[in-house]
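The following exercises concern the structure shown below. Each task is followed by a solution worked step by step.

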Amino acid sequence: MTDIDTLIANTIREDVRAGHIYNVPDASGYIKLDAMENPYELPEHLRQELATRLAEAVLNRYPVASYTTLKQKICANLGVPQSYDVILGNGSDEIISIIATATARQDKRAVLMAPSPAFVMFQRSAQFAGMDYVGVPLKADFSLDRAAMLAAIEKHKPAVVFLAYPNNPTGNLYDEADMVAIIEALGDTGIAVVDEAYQPFARTSFMERLPQYPNLMVMRTLSKLGLAGIRLGYLAAAPALLQQFDKVRPPYNVNVLTQVAAEFALDHIDVLNEQAAQLNQARGELASALAALPGVTVFPSSANFITLRVPDAERTCAKLFAERVLIKNLSKMHELLANCIRVTVSTPEENSVFLNALKASL
Ligand code: PMP
């Protein structure tokens, strides 16, 4: 007779057995401000048109694995420099994992590095690929500690450094000169991945610098732009470098429905950009209202979320939860984030529910 616990002990990696499943709270009945989603849907007439296109999608065949049309649309519409290319992922989550898989060496432990605090999937993907993860603390104002980053690069010789621009969970853009110093220090020993998940809100990018730095890759996603549900991320770089990552990508990782929906959305990118502009405007208003509250520190954001410090994050989150508003308590993530919370910028109505509940918690 097979004993399931013995089976697990005999087969599953120790670090996986000791780990936990990525926690996504059930949001039904809640105002969901914990995942940086765009609260706006596509306008009704576009949804109808999309429905027709989806109905015509060929579902009995595998996707065409080259994804040529979608890739060309991304390159043409989203500022990928001439003669540079993209590979696609099932969300940028999958791309992070592809990057780790391709750079985790078998002859020695390779290092994946990021400033800290950073997006948690950098560390998780490094771990699952069998890499060592090195997090280099940011300064207290969440700016890059250039000297510490350069010293850590010298010491650990990372294969990859992830720089989220703007950073999650802090929301700020790093100083460009600090980023360039890191990219240059890596030279031909390490790859710099600039993660621009929040680029639609930041309106600044390293994309146009690709020709300057052969070790630079720029990763983006359609998630924050309003298409989190379709799961599409892309990675732009020089074709010769990209090809190496394409080797470890599962062949049909982007499904036909996603492909159709993404191509449709890119044909109507102006609608999504308009929504992003509206959210940027709302971010400014929400940030000002928050900054006026006693005991609240608002950190500058170039993303579609705001990170703030409150007197008692535990109490604030509990109060918001009781008012059926979901946000993220960052307090336990990192010592720089003591009593910090993160809230997605949403519609004026949802922002005001959040603001009132927050006020009541102070
Ligand atoms: N990078 C950063 C910095 C993020 O915050 C996120 C999502 N929160 C992602 C990547 C992953 O995005 P997705 O998998 O939806 O493309």
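## Exercise 1: The interface between the domains

Across the interface of domain 1 and domain 2, the rule finds 0 salt bridges. The model under study is a predicted one.

**Task.** Describe which elements and residues form the side of domain 1 that touches domain 2, and how much area the two domains bury between them.

**Solution.** 

Step 1. Domain 1 comprises 4-43 + 270-361, while domain 2 comprises 60-267. Taken over C-alpha atoms, their centres are separated by 23 Å.

Step 2. Determine the extent of the interface. In domain 1, 34 residues are in contact with 34 residues of domain 2. The area buried between the two domains is about 2600 Å², with 61% of it on carbon and sulfur atoms. Of the area that domain 1 buries against domain 2, Leu272, Ser302 and Leu336 supply 21%, more than any other three residues.

Step 3. Assign the elements. On the side of domain 1 that touches domain 2, two or more residues come from each of α2 (14-18), α13 (269-291) and β10 (305-309). The greatest contribution to this side is that of α13, with 9 residues. By residue class, the side divides into 18 nonpolar, 10 polar and 6 charged.

## Exercise 2: Arg203

**Task.** Identify the residues with which Arg203 is in contact, leaving aside its neighbours within four places in sequence.

**Solution.** 

Step 1. Locate the residue. Arg203 belongs to the loop between α9 (199-202) and β7 (216-221).

Step 2. List the contacts. Beyond the excluded neighbours, Arg203 is in contact with Asn273, Ala276, Ala277 and Asn280.

Step 3. Examine the side chain. A polar atom of the Arg203 side chain lies 3.1 Å from the backbone oxygen of Pro200.

Step 4. From C-alpha to C-alpha, Arg203 and Tyr84 are 20 Å apart in space, and they are 119 residues apart in sequence.

## Exercise 3: The surroundings of the ligand

**Task.** Which residues are around the ligand, and how far does a backbone N or O atom of Ser92 lie from an oxygen atom of the ligand?

**Solution.** 

Step 1. Collect the surrounding residues. They are Gly91, Ser92, Asp93, Phe119, Asn168, Asp195, Ala197, Tyr198, Thr221, Ser223, Lys224 and Arg231.

Step 2. An oxygen atom of the ligand and a backbone N or O atom of Ser92 are 2.6 Å apart.

Step 3. Take the side-chain distances. An N or O atom in the side chain of Thr221 is 2.6 Å from an oxygen atom of the ligand. For an N or O atom in the side chain of Arg231, the distance to an oxygen atom of the ligand is 2.7 Å.

## Exercise 4: Backbone geometry

**Solution.** 

Step 1. Most residues other than glycine have a negative phi, and most peptide bonds are trans.

Technical notes
Residues numbered from 1 in each chain as written. Predicted model: local features only at pLDDT ≥ 70, side-chain atom pairs only at ≥ 80, totals over all residues. Heavy atoms only, no water. Domains from an automatic or database assignment. Contact = heavy atoms within 4.5 Å. Buried area = accessible area lost by both parts, 1.4 Å probe. Salt bridge = Lys/Arg side-chain N within 4 Å of Asp/Glu carboxyl O. Helix = DSSP H or I, 4+ residues; strand = E, 2+ residues; numbered from the N terminus. Nonpolar A, V, L, I, M, F, W, Y, C, P; charged D, E, K, R; others polar. Near = heavy atom within 4 Å. Polar contact = N/O pair within 3.5 Å; in protein donor to acceptor, adjacent residues only side chain to side chain.
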